[in-house]
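Hi there,

Here is the structure I promised to pass on. Have a look at it first, and my notes follow below.

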Amino acid sequence: GTVTIHEYYGEKHIAEISKNLIAANQLSVSDKFLRENREPAVFVITVGIADKEDGTQDISPIQNVVSSILPSLVEGDLLLFKTTMIPGTIDGVVI
């Protein structure tokens, strides 16, 4: 029930937009993956990435999310990542 994204679209806070979409059954939010059908969908993945002591990034949270949803992806799905990944992570690890 809490939106912790602190961003705005136009003049509206993302929390307000999200709550309105949820109330209208146009958006669902979960910390568990459950595909309801085989139609292409948009997945917004918000995962924290920590820096290691050697200056590299611990991308295991991204790898874990991708591994869990990969078997269920269908052609046309769109994955959007809201995180702080170094350039090349998607090409080198996810794809």
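Let me start with the inside. In this predicted model, the largest nonpolar core has seven residues: Phe 43, Ile 45, Val 47, Ile 49, Ile 62, Val 66 and Ile 69. Two or more of its residues come from each of β3 and α2 (60-69), and α2 gives the largest share, three residues.

Beyond its neighbours within four places in sequence, Val 47 touches Pro 61, Ile 62, Val 65, Lys 82 and Thr 83.

Ile 62, Val 66 and Ile 69 are the buried residues of α2. They lie on the same side of α2, because the arc they cover around the axis is only 75 degrees. An α-helix has 3.6 residues a turn, so residues three or four places apart point the same way. Asn 64 and Ser 67, on the other side of α2, are exposed.

Next, the charged pairs. How many salt bridges does a search of the whole structure find? The search gives two.

In one of them, the side chains of Glu 7 and Lys 82 meet at 2.7 Å, N to O. This pair joins distant parts of the chain, 75 residues apart: Glu 7 sits in the segment before β1 (8-9), and Lys 82 in the loop between β6 (78-81) and α3 (89-94). Glu 7 counts as partly exposed because its relative accessibility is 37%; Lys 82 is also partly exposed, with a relative accessible area of 40%.

In the other, the side chains of Asp 77 and Arg 35 meet at 2.8 Å, N to O.

Finally, the surface. Leu 21, Ile 22, Leu 27 and Val 29 make a nonpolar patch of about 320 Å² there. Val 29 belongs to the loop between α1 (14-23) and β3 (42-45), and counts as exposed because its relative accessibility is 65%.

That is what I have for now.

Best wishes

Terms used. Residues numbered from 1 in each chain as written. Predicted model: local features only at pLDDT ≥ 70, side-chain atom pairs only at ≥ 80, totals over all residues. Heavy atoms only, no water. Patch = residues over 30% accessible without salt bridge, like charges linked within 9 Å, V, L, I, M, F, W, Y side chains within 5 Å. Areas by Shrake-Rupley, 256 points an atom, 1.4 Å probe, with all protein chains shown as cover. Salt bridge = Lys/Arg side-chain N within 4 Å of Asp/Glu carboxyl O. Helix = DSSP H or I, 4+ residues; strand = E, 2+ residues; numbered from the N terminus. Buried < 20%, exposed > 50% of the residue type's maximum accessible area, 1.4 Å probe, protein only. Core = buried A, V, L, I, M, F, W, Y, C linked by side-chain atoms within 4.5 Å. Contact = heavy atoms within 4.5 Å. Arc of directions from axis to C-beta.
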